[in-house]
Amino acid sequence: MAFSLNLKRVLISDSVDSCCKTILEANGIAVDLKTKLTKEELLAEIPNYDGLIVRSATKVTAEVIKAGKNLKIIGRAGTGVDNIDIPAASLQGIIVMNTPGGNTISAAEQTCVLISTLARHTAQADASMKAGKWDRKKYMGSELLGKTLAIVGLGRIGREVAYRMQSYGVTTIGYDPIVPAEESAKYNIEWMELDQLWPKADYITVHTPLIPQTRGLLGDKTFPLCKKGVYVVNCARGGIIDEASLLRNLESGQCGGAGLDVFETEPPTGVSTQLAQHPKVIACPHLGASTVEAQTRVAKEIAEQFVDAVQGKSLFGV
Ligand code: NAD
Ligand code: MLT
(Lines give C-alpha, C1' and ligand atoms only; values in the text may rest on other atoms or scores of the structure.)
(Ligands and ions follow the chains in the order given, each with its own letter.)
Protein backbone atom coordinates (compact mmCIF):
# COMPACT_ATOMS: atom_id res chain seq x y z
CA MET A 1 0.00 0.00 0.00
CA ALA A 2 1.91 3.12 -1.12
CA PHE A 3 0.42 6.59 -1.48
CA SER A 4 1.19 9.81 0.26
CA LEU A 5 -1.07 11.39 2.83
CA ASN A 6 -1.34 15.15 3.09
CA LEU A 7 -1.27 15.46 6.87
CA LYS A 8 -1.17 18.91 8.42
CA ARG A 9 -2.40 18.79 12.00
CA VAL A 10 -2.52 15.90 14.44
CA LEU A 11 -4.27 15.71 17.79
CA ILE A 12 -2.73 13.49 20.46
CA SER A 13 -5.57 12.97 22.92
CA ASP A 14 -4.02 10.51 25.42
CA SER A 15 -0.74 10.45 27.29
CA VAL A 16 1.65 9.22 24.68
CA ASP A 17 5.41 9.57 25.17
CA SER A 18 6.68 13.01 24.09
CA CYS A 19 8.94 11.51 21.39
CA CYS A 20 5.76 11.06 19.30
CA LYS A 21 5.15 14.82 19.13
CA THR A 22 8.85 15.51 18.55
CA ILE A 23 9.08 13.12 15.59
CA LEU A 24 5.88 14.42 13.97
CA GLU A 25 6.93 18.07 14.36
CA ALA A 26 10.43 17.35 13.05
CA ASN A 27 8.68 16.13 9.90
CA GLY A 28 6.60 19.26 9.46
CA ILE A 29 3.36 18.02 11.03
CA ALA A 30 1.73 20.35 13.57
CA VAL A 31 0.74 18.59 16.78
CA ASP A 32 -1.54 19.48 19.67
CA LEU A 33 -1.48 17.43 22.85
CA LYS A 34 -4.86 17.66 24.60
CA THR A 35 -5.54 14.87 27.05
CA LYS A 36 -8.54 14.15 29.29
CA LEU A 37 -10.97 15.85 26.88
CA THR A 38 -14.61 15.26 27.67
CA LYS A 39 -16.71 13.66 24.94
CA GLU A 40 -18.16 17.09 24.08
CA GLU A 41 -14.71 18.71 24.00
CA LEU A 42 -13.40 15.98 21.71
CA LEU A 43 -16.40 16.36 19.38
CA ALA A 44 -15.74 20.11 19.22
CA GLU A 45 -11.97 19.72 18.64
CA ILE A 46 -11.86 16.84 16.19
CA PRO A 47 -12.95 18.75 13.02
CA ASN A 48 -9.74 20.81 13.33
CA TYR A 49 -7.50 17.81 12.73
CA ASP A 50 -6.66 15.46 9.90
CA GLY A 51 -4.85 13.00 12.19
CA LEU A 52 -5.59 11.58 15.64
CA ILE A 53 -3.32 9.57 17.95
CA VAL A 54 -4.75 7.79 21.00
CA ARG A 55 -3.78 5.20 23.57
CA SER A 56 -6.77 3.55 25.27
CA ALA A 57 -8.52 6.31 27.23
CA THR A 58 -10.00 8.12 24.22
CA LYS A 59 -13.07 6.36 22.86
CA VAL A 60 -13.05 6.95 19.13
CA THR A 61 -16.72 6.23 18.57
CA ALA A 62 -18.73 6.47 15.34
CA GLU A 63 -19.94 9.86 16.60
CA VAL A 64 -16.38 11.15 17.03
CA ILE A 65 -15.41 9.79 13.61
CA LYS A 66 -18.43 11.44 11.97
CA ALA A 67 -17.53 14.74 13.62
CA GLY A 68 -13.95 14.36 12.37
CA LYS A 69 -14.87 15.42 8.87
CA ASN A 70 -11.22 16.14 8.00
CA LEU A 71 -9.79 12.99 9.58
CA LYS A 72 -7.56 10.91 7.33
CA ILE A 73 -5.72 8.74 9.80
CA ILE A 74 -6.14 7.42 13.35
CA GLY A 75 -3.22 5.86 15.18
CA ARG A 76 -3.29 3.70 18.28
CA ALA A 77 -0.06 3.80 20.32
CA GLY A 78 -0.52 0.20 21.42
CA THR A 79 -1.91 -3.12 20.24
CA GLY A 80 -5.69 -3.41 20.78
CA VAL A 81 -7.84 -1.15 18.61
CA ASP A 82 -11.06 -1.95 20.48
CA ASN A 83 -11.46 1.71 21.51
CA ILE A 84 -11.72 2.70 17.83
CA ASP A 85 -14.85 2.07 15.76
CA ILE A 86 -13.05 0.54 12.77
CA PRO A 87 -16.15 -0.03 10.56
CA ALA A 88 -17.14 3.64 11.03
CA ALA A 89 -13.59 4.75 10.17
CA SER A 90 -13.46 2.51 7.10
CA LEU A 91 -16.80 3.85 5.87
CA GLN A 92 -15.33 7.33 6.03
CA GLY A 93 -12.13 6.22 4.26
CA ILE A 94 -9.96 6.82 7.33
CA ILE A 95 -6.80 4.75 7.80
CA VAL A 96 -6.52 3.11 11.23
CA MET A 97 -3.11 1.87 12.35
CA ASN A 98 -1.65 0.43 15.54
CA THR A 99 1.79 -0.58 16.76
CA PRO A 100 1.58 -4.35 17.15
CA GLY A 101 4.65 -5.64 18.91
CA GLY A 102 5.77 -2.41 20.57
CA ASN A 103 4.52 -3.48 23.98
CA THR A 104 4.72 -7.28 23.58
CA ILE A 105 7.64 -7.81 25.95
CA SER A 106 6.17 -5.56 28.64
CA ALA A 107 2.81 -7.36 28.51
CA ALA A 108 4.56 -10.75 28.57
CA GLU A 109 6.69 -9.73 31.55
CA GLN A 110 3.62 -8.44 33.39
CA THR A 111 1.92 -11.81 32.79
CA CYS A 112 4.93 -13.68 34.19
CA VAL A 113 4.97 -11.37 37.23
CA LEU A 114 1.30 -12.15 37.88
CA ILE A 115 1.90 -15.90 37.53
CA SER A 116 4.88 -15.83 39.95
CA THR A 117 3.04 -13.59 42.39
CA LEU A 118 0.07 -15.98 42.41
CA ALA A 119 2.40 -18.91 43.15
CA ARG A 120 3.92 -17.19 46.18
CA HIS A 121 1.06 -14.92 47.36
CA THR A 122 3.57 -12.08 47.24
CA ALA A 123 1.04 -9.26 46.98
CA GLN A 124 -1.11 -10.56 49.84
CA ALA A 125 1.96 -11.18 52.04
CA ASP A 126 3.21 -7.67 51.37
CA ALA A 127 -0.19 -6.19 52.28
CA SER A 128 -0.18 -8.20 55.51
CA MET A 129 3.33 -6.97 56.42
CA LYS A 130 2.21 -3.41 55.81
CA ALA A 131 -0.69 -4.10 58.18
CA GLY A 132 1.92 -4.95 60.83
CA LYS A 133 1.55 -8.75 60.65
CA TRP A 134 4.17 -11.51 60.39
CA ASP A 135 2.11 -14.35 58.93
CA ARG A 136 4.43 -17.02 57.56
CA LYS A 137 1.98 -19.95 57.63
CA LYS A 138 -0.85 -18.26 55.82
CA TYR A 139 1.26 -17.51 52.77
CA MET A 140 2.73 -20.94 52.07
CA GLY A 141 3.24 -21.00 48.31
CA SER A 142 4.04 -23.56 45.66
CA GLU A 143 6.95 -23.93 43.25
CA LEU A 144 6.47 -23.31 39.58
CA LEU A 145 8.90 -26.09 38.69
CA GLY A 146 6.98 -28.99 37.19
CA LYS A 147 3.71 -27.11 36.87
CA THR A 148 1.74 -26.84 33.64
CA LEU A 149 0.84 -23.49 32.13
CA ALA A 150 -1.91 -23.37 29.50
CA ILE A 151 -1.59 -20.47 27.09
CA VAL A 152 -4.71 -19.60 25.12
CA GLY A 153 -3.68 -17.42 22.18
CA LEU A 154 -0.24 -18.21 20.77
CA GLY A 155 0.47 -14.86 19.13
CA ARG A 156 3.18 -12.39 20.02
CA ILE A 157 2.57 -12.17 23.77
CA GLY A 158 1.56 -15.81 24.34
CA ARG A 159 4.84 -17.01 22.82
CA GLU A 160 6.97 -14.63 24.86
CA VAL A 161 5.18 -15.76 28.03
CA ALA A 162 5.95 -19.39 27.15
CA TYR A 163 9.63 -18.65 26.57
CA ARG A 164 9.97 -16.90 29.94
CA MET A 165 7.95 -19.40 31.99
CA GLN A 166 9.88 -22.33 30.53
CA SER A 167 12.95 -21.01 32.33
CA TYR A 168 11.14 -21.78 35.60
CA GLY A 169 10.76 -25.40 34.55
CA VAL A 170 7.10 -24.95 33.64
CA THR A 171 5.56 -27.19 30.96
CA THR A 172 3.77 -25.07 28.38
CA ILE A 173 0.69 -26.24 26.52
CA GLY A 174 -1.49 -24.05 24.36
CA TYR A 175 -4.30 -23.50 21.91
CA ASP A 176 -4.75 -21.11 19.00
CA PRO A 177 -7.09 -21.74 16.05
CA ILE A 178 -4.66 -20.34 13.50
CA VAL A 179 -1.34 -21.55 14.89
CA PRO A 180 -0.70 -25.14 13.82
CA ALA A 181 0.79 -27.70 16.21
CA GLU A 182 4.12 -27.77 14.31
CA GLU A 183 4.49 -24.00 14.67
CA SER A 184 3.56 -24.16 18.33
CA ALA A 185 6.14 -26.93 18.89
CA LYS A 186 8.89 -24.54 17.70
CA TYR A 187 8.17 -22.54 20.86
CA ASN A 188 8.11 -25.69 23.04
CA ILE A 189 4.37 -25.29 23.45
CA GLU A 190 2.37 -28.48 23.06
CA TRP A 191 -0.70 -27.55 21.00
CA MET A 192 -3.97 -29.13 22.05
CA GLU A 193 -7.70 -28.57 21.73
CA LEU A 194 -9.27 -26.58 24.56
CA ASP A 195 -11.16 -29.52 26.09
CA GLN A 196 -7.86 -31.42 26.42
CA LEU A 197 -6.04 -28.38 27.78
CA TRP A 198 -8.34 -27.34 30.65
CA PRO A 199 -7.89 -30.45 32.85
CA LYS A 200 -4.08 -30.40 32.47
CA ALA A 201 -3.41 -26.83 33.53
CA ASP A 202 -2.21 -25.60 36.93
CA TYR A 203 -2.14 -22.06 35.49
CA ILE A 204 -4.10 -20.63 32.57
CA THR A 205 -3.23 -17.38 30.83
CA VAL A 206 -5.21 -15.83 27.98
CA HIS A 207 -3.62 -13.80 25.17
CA THR A 208 -6.33 -13.34 22.56
CA PRO A 209 -8.26 -10.30 21.37
CA LEU A 210 -11.73 -9.85 22.89
CA ILE A 211 -14.01 -11.01 20.09
CA PRO A 212 -17.30 -12.94 20.20
CA GLN A 213 -15.38 -16.26 20.00
CA THR A 214 -13.21 -15.41 23.03
CA ARG A 215 -15.73 -13.63 25.26
CA GLY A 216 -16.25 -15.81 28.32
CA LEU A 217 -13.73 -18.40 27.04
CA LEU A 218 -13.22 -19.25 30.68
CA GLY A 219 -16.60 -19.29 32.37
CA ASP A 220 -19.30 -21.50 33.82
CA LYS A 221 -18.91 -24.14 31.10
CA THR A 222 -15.11 -24.34 31.26
CA PHE A 223 -14.15 -23.76 34.92
CA PRO A 224 -15.65 -27.16 35.91
CA LEU A 225 -13.32 -28.81 33.36
CA CYS A 226 -10.24 -27.34 35.05
CA LYS A 227 -8.22 -28.69 37.98
CA LYS A 228 -9.59 -27.64 41.35
CA GLY A 229 -7.62 -24.60 42.52
CA VAL A 230 -6.46 -23.60 39.03
CA TYR A 231 -4.82 -20.16 38.85
CA VAL A 232 -5.85 -17.87 36.02
CA VAL A 233 -4.30 -14.75 34.53
CA ASN A 234 -5.79 -12.15 32.20
CA CYS A 235 -3.39 -9.58 30.83
CA ALA A 236 -5.24 -9.34 27.50
CA ARG A 237 -8.77 -7.93 27.66
CA GLY A 238 -11.45 -7.92 30.35
CA GLY A 239 -14.28 -10.31 29.48
CA ILE A 240 -12.18 -13.16 28.02
CA ILE A 241 -12.53 -14.65 31.50
CA ASP A 242 -16.19 -14.20 32.45
CA GLU A 243 -16.00 -12.01 35.55
CA ALA A 244 -19.18 -13.15 37.30
CA SER A 245 -18.18 -16.77 36.76
CA LEU A 246 -14.63 -16.09 37.98
CA LEU A 247 -16.01 -14.57 41.16
CA ARG A 248 -18.20 -17.63 41.78
CA ASN A 249 -15.29 -19.99 41.12
CA LEU A 250 -12.97 -18.07 43.43
CA GLU A 251 -15.61 -18.30 46.15
CA SER A 252 -16.11 -22.04 45.63
CA GLY A 253 -12.36 -22.72 45.52
CA GLN A 254 -12.55 -24.17 42.00
CA CYS A 255 -10.28 -21.26 41.05
CA GLY A 256 -7.37 -20.79 43.48
CA GLY A 257 -6.56 -17.24 42.51
CA ALA A 258 -6.48 -14.79 39.63
CA GLY A 259 -4.03 -12.24 38.34
CA LEU A 260 -5.99 -9.54 36.54
CA ASP A 261 -4.44 -6.66 34.63
CA VAL A 262 -7.63 -5.90 32.70
CA PHE A 263 -11.33 -5.67 33.53
CA GLU A 264 -14.65 -5.65 31.73
CA THR A 265 -15.13 -2.10 32.96
CA GLU A 266 -12.09 0.10 33.41
CA PRO A 267 -11.84 1.67 35.93
CA PRO A 268 -13.72 -1.21 37.57
CA THR A 269 -17.36 -1.01 38.60
CA GLY A 270 -19.73 -3.74 39.81
CA VAL A 271 -18.32 -7.27 39.50
CA SER A 272 -15.01 -5.88 38.24
CA THR A 273 -14.65 -4.03 41.54
CA GLN A 274 -15.58 -7.12 43.54
CA LEU A 275 -12.82 -8.98 41.72
CA ALA A 276 -10.24 -6.22 42.06
CA GLN A 277 -10.86 -6.18 45.80
CA HIS A 278 -11.07 -9.96 46.25
CA PRO A 279 -8.43 -11.45 48.59
CA LYS A 280 -7.54 -14.17 46.06
CA VAL A 281 -7.03 -11.67 43.23
CA ILE A 282 -3.92 -9.73 42.35
CA ALA A 283 -5.21 -6.72 40.47
CA CYS A 284 -3.44 -4.09 38.40
CA PRO A 285 -4.96 -1.07 36.65
CA HIS A 286 -4.14 -2.18 33.07
CA LEU A 287 -0.38 -1.86 33.50
CA GLY A 288 0.71 -4.48 30.95
CA ALA A 289 2.16 -1.91 28.57
CA SER A 290 3.06 0.64 31.21
CA THR A 291 6.82 0.57 31.06
CA VAL A 292 9.14 3.31 29.96
CA GLU A 293 10.47 1.07 27.22
CA ALA A 294 7.10 0.04 25.78
CA GLN A 295 5.67 3.54 25.91
CA THR A 296 8.71 5.01 24.18
CA ARG A 297 8.59 2.27 21.56
CA VAL A 298 4.88 2.59 20.73
CA ALA A 299 5.05 6.41 20.65
CA LYS A 300 8.05 6.33 18.31
CA GLU A 301 6.51 3.63 16.12
CA ILE A 302 3.15 5.38 15.65
CA ALA A 303 4.86 8.69 14.85
CA GLU A 304 7.15 7.02 12.32
CA GLN A 305 4.20 5.21 10.75
CA PHE A 306 2.40 8.57 10.33
CA VAL A 307 5.53 10.04 8.76
CA ASP A 308 5.80 7.03 6.44
CA ALA A 309 2.21 7.65 5.35
CA VAL A 310 3.04 11.27 4.56
CA GLN A 311 6.17 10.24 2.66
CA GLY A 312 4.29 7.61 0.67
CA LYS A 313 6.22 4.67 2.09
CA SER A 314 4.50 1.31 2.48
CA LEU A 315 2.35 1.23 5.58
CA PHE A 316 2.71 -1.01 8.62
CA GLY A 317 0.16 -1.81 11.35
CA VAL A 318 -2.83 -0.91 9.17
P1 NAD B 1 -1.61 -11.33 18.62
O2 NAD B 1 -2.54 -10.89 17.56
O3 NAD B 1 -0.17 -11.43 18.31
O4 NAD B 1 -2.09 -12.75 19.20
C5 NAD B 1 -3.42 -13.03 19.49
C6 NAD B 1 -3.63 -14.49 19.16
O7 NAD B 1 -4.93 -14.86 19.61
C8 NAD B 1 -3.58 -14.81 17.66
O9 NAD B 1 -2.55 -15.75 17.38
C10 NAD B 1 -4.96 -15.37 17.35
O11 NAD B 1 -4.95 -16.41 16.39
C12 NAD B 1 -5.36 -15.88 18.72
N13 NAD B 1 -6.80 -16.13 18.83
C14 NAD B 1 -7.83 -15.52 18.19
N15 NAD B 1 -9.00 -16.11 18.51
C16 NAD B 1 -8.70 -17.11 19.36
C17 NAD B 1 -9.47 -18.08 20.03
N18 NAD B 1 -10.81 -18.16 19.86
N19 NAD B 1 -8.85 -18.96 20.84
C20 NAD B 1 -7.50 -18.92 21.00
N21 NAD B 1 -6.71 -18.03 20.38
C22 NAD B 1 -7.29 -17.13 19.57
O23 NAD B 1 -1.88 -10.34 19.85
P24 NAD B 1 -0.90 -10.01 21.06
O25 NAD B 1 -0.04 -8.85 20.68
O26 NAD B 1 -0.29 -11.26 21.54
O27 NAD B 1 -1.97 -9.45 22.12
C28 NAD B 1 -2.84 -10.33 22.80
C29 NAD B 1 -3.85 -9.53 23.61
O30 NAD B 1 -3.19 -8.76 24.61
C31 NAD B 1 -4.70 -8.52 22.83
O32 NAD B 1 -6.01 -8.57 23.33
C33 NAD B 1 -4.09 -7.17 23.17
O34 NAD B 1 -4.99 -6.11 23.02
C35 NAD B 1 -3.72 -7.42 24.62
N36 NAD B 1 -2.69 -6.54 25.17
C37 NAD B 1 -2.85 -6.12 26.45
C38 NAD B 1 -1.88 -5.33 27.03
C39 NAD B 1 -2.04 -4.83 28.43
O40 NAD B 1 -1.64 -3.73 28.71
N41 NAD B 1 -2.59 -5.60 29.34
C42 NAD B 1 -0.73 -4.96 26.29
C43 NAD B 1 -0.60 -5.43 24.99
C44 NAD B 1 -1.59 -6.22 24.43
C1 MLT C 1 -2.72 -2.58 24.20
O2 MLT C 1 -3.64 -3.18 23.61
O3 MLT C 1 -1.72 -2.17 23.59
C4 MLT C 1 -2.82 -2.41 25.65
O5 MLT C 1 -4.08 -2.40 26.13
C6 MLT C 1 -1.86 -1.48 26.23
C7 MLT C 1 -2.22 -0.05 26.49
O8 MLT C 1 -2.07 0.79 25.62
O9 MLT C 1 -2.56 0.25 27.61
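How do the residues of the shell around ligand 2 divide into nonpolar, polar and charged? The points below take up this question and then the rest of the structure.

1. On conventions, this is a predicted model, in which local features need pLDDT of at least 70, side-chain atom pairs count only at pLDDT 80 or more, and totals for chains, interfaces and linings use all residues. Residues are numbered from 1 along each chain as its sequence is written, chains are lettered from A and ligands numbered from 1 in the order in which they are written, and side-chain values use heavy atoms, with hydrogens and water left out.

2. The shell around ligand 2 is made up of Arg55, Arg76, Gly78, Thr79, Gly80, Asn103, Arg237, His286 and Ala289, a residue being counted as near when one of its heavy atoms lies within 4 Å of the molecule. By class, these residues are one nonpolar, five polar and three charged, where Ala, Val, Leu, Ile, Met, Phe, Trp, Tyr, Cys and Pro count as nonpolar, Asp, Glu, Lys and Arg as charged, and the others, Gly among them, as polar.

3. Oxygen atoms of ligand 2 take part in polar contacts (pairs of N or O atoms within 3.5 Å) with a polar side-chain atom of Arg55 at 3.2 Å, with a polar side-chain atom of Arg76 at 2.9 Å, and with a polar backbone atom of Thr79 at 2.6 Å. Of the 260 Å² of accessible area that ligand 2 has on its own, the protein covers 93%, the areas coming from the Shrake-Rupley method with a 1.4 Å probe.

4. Ligand 1 is surrounded by 26 residues, of which the closest are Arg156, Ile157, Asp176, Thr208 and Asp261, and its shell divides into 12 nonpolar, 10 polar and four charged residues. An N or O atom in the side chain of Asp176 is 2.7 Å from an oxygen atom of ligand 1, while a nitrogen atom of ligand 1 is 2.8 Å from an N or O atom in the side chain of Asp261. A backbone N or O atom of Cys235 also lies 3.0 Å from a nitrogen atom of ligand 1. Taken alone, ligand 1 exposes 860 Å², and the protein buries 87% of that.

5. The structure holds one cavity of 30 Å³ or more, a cavity being a set of points, on a 1 Å grid over the protein atoms alone, where a 1.4 Å probe fits but cannot get out, with lining residues having an atom within 4 Å of a point. The volume of the largest cavity is about 40 Å³, taken as the space filled by probe spheres set on the points, which are joined across faces, edges and corners. Its lining consists of Asn234, Gly238, Gly239, Ile241, Glu243, Leu246, Leu260, Val262 and Leu275, that is, five nonpolar, three polar and one charged.

6. The second largest pocket (an open set of points with protein on both sides within 12 Å along at least five of seven lines) has a volume of about 380 Å³. Its lining has 17 residues, with Ser13, Asp14, Lys36, Ala57 and Thr58 nearest its centre. Helix H2 (39-45) and helix H3 (62-67) are the elements that give two or more residues to this lining, which by class has four nonpolar, seven polar and six charged residues.

7. There are 14 salt bridges in the structure, each being a side-chain nitrogen of Lys or Arg within 4 Å of a carboxyl oxygen of Asp or Glu. One of them joins Glu183 and Arg159, whose closest N and O atoms are 3.5 Å apart. Glu183 lies in helix H8 (residues 181-186) and Arg159 in helix H7 (residues 156-166), so this pair ties together parts that are 24 residues apart in sequence.

8. Two points of backbone geometry deserve a look. The peptide bond from Glu266 to Pro267 is cis, with omega near -10 degrees, and Pro267 lies in the loop between strand E11 (255-260) and helix H11 (270-276).

Notes
Polar contact = N/O pair within 3.5 Å; in protein donor to acceptor, adjacent residues only side chain to side chain. Helix = DSSP H or I, 4+ residues; strand = E, 2+ residues; numbered from the N terminus.
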